[in-house]
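Subject: Structure handover

Hello,

Here is the structure you asked to take over. My notes on it follow below the entry.

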Amino acid sequence: MITHLRTLQSDFKIKKMKQYRLDHLDQLESEAIHIMREVAGQFERPALLFSGGKDSIVLVHLALKAFRPGKFPFPLVHIDTGHNFQEALDFRDQLAEKLGEKLVVRSVEDTIKAQNLTEPKGKFASRNALQTYTLLDTINEFKFDACIGGARRDEEKARAKERIFSVRDEFGQWDPKRQRPELWNTYNGKIQKGENVRVFPISNWTELDVWNYIRREKIELPSIYFAHEREVLEHEGQLVAVSNFIQIEPTDNISVKKVRYRTVGDMTCTAAVESSASNIDDIINEIIATKTSERGETRIDDKVSEAAMEDRKKNGYF
Amino acid sequence: MDILRFITAGSVDDGKSTLIGRLLYDSKSIMIDQLEAIEKQSKNREEGEIDLALLTDGLRAEREQGITIDVAYKYFSTPKRKFIIADAPGHIQYTRNMVTGASNADLIIILIDARHGVVEQTRRHSIIASLLKIPHVVVAINKMDMVNYSQDVFNNIVIDYSTVAKSLGLPQVTYIPMSALNGDNIVDKSDKLSWFDGETLLNFLENVEVQNDVNLTNARFPVQYVIRPQTEELHDYRGYAGKIISGIYRKGDTVTILPAGLQSKIASIELGGKEVKEAFAPQSVILQLEDDIDISRGDIIVPGNHLPKVEQELDVLLCWMDSKPLTEGSRYLVQLNSKTVKGIVKEIEYKLDVNSLEKQFAPEKVSLNDVVKAKIRTASPLPFDSYGDLRVNGGAILIDETSNVTVGACMIQ
């Protein structure tokens, strides 16, 4: 009898467990929605930093789940370097229009003119670092107190150390030694006037989680994420799109290749990967098989030094 | 596939970073470019072999000093599970960082150097695990290669540690002998440890059941944000957005709204824009109620009769996290999930020695990293559960209103 009861109990337990169990994507999704709603509940003037890249597209999808049938409690904000992929820009505009949400675009070009900044020189002159100026100006202009971003901790070792609510001083600087303890799922968004918080709802997602989520949720992406033919320049093993923004020399090795983008940043500092993956399943298979990290394969800007990201963050970068 | 969040406690000397590096390396979660980068650094440091520890130290200061200062999060997955590692520093001066990392952990790996056995640091880490109520404990007896893979050494450490675990009431302790440096018993079983019939570390991490740690009985739903579209077709819509932190919610349930104590019924539950009949922890949902009552951020919606306490006097175990000392009579903000109230630390009963569990009554000074038993009085009633009963509704932070910094972690008794 006792044995029988035990079996019944354990049967019930197994049933209960299966029925009320969330898989990893459900758990990550719920965590991200919770973080976004904390932003809505704690801040007066938040913003969602939106680039048209896959991670920020996932953020928009999560915001829909967090706030519909209401409007987003924040505008979408894009810091446009002027070196973006046209496909990503078109996608950005169409998505904002389709959702009926406010889109704010501020351009690095304008900041360069207004503040008389010096454009970086060189073959792949990148405005990546100059984005920080425009971002800080935009934060000032709209008095944003929180900026939601799509950075993930698996991307880079400095990011692995950053809090989900990352407090920045009035210069946007991250001070890794003065980070607030962040306990349980309790987020302290209290700040002084002039400070702001960068909030990273998908901190705990990996590249593969993002792609699996995109597949599961059938999220649309800009076409550059899928294999297409493109004129590229081969430089130190990386494939850089031929554009007006880079210096081409007669000795350069230029060819048309079938490529896709694993990340989408500036045309000058984002490299393509050779691929024939034309749908999400193929992309996921390629990512599972790859032996190179996302940023390592595609970002020219991280290769400067071992602490390149840490230094940029200390200077106000995303 | 689900998620296991675990924390590793130990110092570089115990091989903690090597262990994490080994888990990442042997589960093939390290990419070639990352390996090349650490190879380059290893050479910079004039060390012969690849230093797996370099994988985990993310800040320049950490790499320069060869120590871990702050919690770093690392990720890897196997076909069975996604793993989130909180890699926390082990030294006493970073106790607050360890408490931070431990707060979200389902499991803790406590590293013991087989040559040294249970030492002061082992006790401290175990005490923190018991304070934070981490559900599962793995005692990783490392550097078995340095003691000739001796079963006696292992057995003696198990006997020693059992006493510690018993005195702290630690549940579910699992012992695994290993050598992180050589990869024995981390991912693959080792011939040298053939006398050990338990699972390898990774095997254990893949299979340990954490679903039972989610409380499905005492339901709690802290309101984070009220959704009011105020459009023509949704004129009267009031949705309470939040995460179910424990329990199950069903359409039609009678609910109590705390701290006010009002009652209503659940009219609808929306999950990701779709209406559902029931939802459970840890899902983020929107609840609509049948009655139009005043509910705002910080209120808790509770079905059934297992209500949380609603009180203004809190007995807490408090880990102090600020460089300014804690003094009796100081005022702070108390934040518990989405609710923030003013509070005053009325009485500091005793200070707990985190190395020995000794109580020092009426301590003169409470400094950074100290753990004390204290009484807090809040300006208004706070709905809470005891941390021991319901971890998700019993942990609160203290915020200094002048600096805005998080200065304390409270486990409500």
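Is B:Phe361 buried or exposed? The model is predicted, and in it B:Phe361 has a relative accessible area of 55%, so this residue is exposed.

Aromatic pairs

Over all chains there are 20 aromatic pairs. In one of them, the ring centres of A:Trp211 and A:Tyr225 lie 5.8 Å apart with the planes at 75°, which makes the pair edge-to-face. A:Trp211 belongs to helix H7 (residues 207-217) of chain A, while A:Tyr225 sits in the loop between H7 and E7 of chain A, so the pair ties together parts that are 14 residues apart in sequence. A:Trp211 and A:Tyr225 are both buried.

B:Phe361 itself takes part in another pair, with B:Tyr350: the centres are 5.4 Å apart and the planes stand at 65°, so this pair is edge-to-face as well. B:Tyr350 is in strand E18 (residues 339-352) of chain B and B:Phe361 is in strand E19 (residues 359-361) of chain B, so parts 11 residues apart in sequence are tied together. B:Tyr350 counts as buried, at 10% relative accessibility, whereas B:Phe361 is exposed.

There is also a cluster linked by ring pairs, made up of A:Phe67, A:Phe72, A:Phe74 and B:Tyr225.

Salt bridges

The whole structure holds 39 salt bridges over all chains. In chain A, the side chains of A:Asp26 and A:Arg216 form one of them, at 2.8 Å from N to O. A:Asp26 lies in helix H2 (residues 24-42) of chain A and A:Arg216 in helix H7 of chain A, so the pair ties together parts that are 190 residues apart in sequence. A:Asp26 is partly exposed, at 23% relative accessibility, and A:Arg216 is partly exposed with a relative accessible area of 29%. A:Asp26 and A:Arg216 are also members of a network of salt bridges that includes A:Asp23, A:Glu29, A:Lys65 and A:Glu217.

In chain B, the side chains of B:Asp315 and B:Lys375 meet in a salt bridge of 2.9 Å, N to O. This pair links distant parts of the chain, with B:Asp315 in strand E16 (residues 309-320) of chain B and B:Lys375 in strand E20 (residues 371-384) of chain B, 60 residues apart. B:Asp315 counts as partly exposed at 30% relative accessibility, and B:Lys375 is partly exposed at 27%.

B:Asp400 and B:Lys324 form a salt bridge too, and their closest N and O atoms are 3.0 Å apart. Both residues are in loops: B:Asp400 between strand E21 (395-399) and strand E22 (406-412) of chain B, B:Lys324 between E16 and strand E17 (331-336) of chain B, so the pair ties together parts that are 76 residues apart in sequence. At 9% relative accessibility B:Asp400 counts as buried, while B:Lys324, at 43%, counts as partly exposed.

Strands in chain A

Strand E8 (residues 238-241) of chain A points A:Gln238 and A:Val240 one way and A:Leu239 and A:Ala241 the other way, and all of these are buried. E8(A) runs antiparallel to strand E7 (residues 228-235) of chain A, and four bridges join the two. Across this pairing, A:Glu234 stands opposite A:Leu239. The hairpin of E7(A) and E8(A) has two residues between the strands, and A:Glu236 takes a positive phi near 45° there. E8(A) is also joined by two bridges to strand E10 (residues 271-274) of chain A, again antiparallel. In E10(A), A:Ala271 is the bridge partner of A:Val240.

A sheet in chain B

Chain B has an open sheet of six strands in the order E2-E3-E1-E4-E5-E6, with mixed pairing. Strand E2 (72-77) and strand E6 (173-177) of chain B are at the edges with a single partner strand each, so one side of each is left without a neighbour in the sheet. On average, neighbouring strands of this sheet are turned by 25° against each other, direction ignored. Strand E5 (residues 136-142) of chain B pairs with E6(B) in the parallel sense over five bridges, and B:Val137 stands opposite B:Val173 in E6(B). Helix H5 (residues 120-131) of chain B packs on the sheet and touches strand E1 (2-9) and strand E4 (107-113) of chain B; the direction of H5 makes about 170° with that of E4(B).

Regards

How values were computed: Residues numbered from 1 in each chain as written. Chains lettered and ligands numbered in written order. Predicted model: local features only at pLDDT ≥ 70, side-chain atom pairs only at ≥ 80, totals over all residues. Heavy atoms only, no water. Buried < 20%, exposed > 50% of the residue type's maximum accessible area, 1.4 Å probe, protein only. Pairing = 2+ DSSP bridges. Phe/Tyr/Trp six-rings, centres within 6.5 Å; stacked < 30°, edge-to-face > 60°. Salt bridge = Lys/Arg side-chain N within 4 Å of Asp/Glu carboxyl O. Axes fitted to C-alpha atoms, helices over the stretch in contact; angles between N-to-C directions. Contact = heavy atoms within 4.5 Å.
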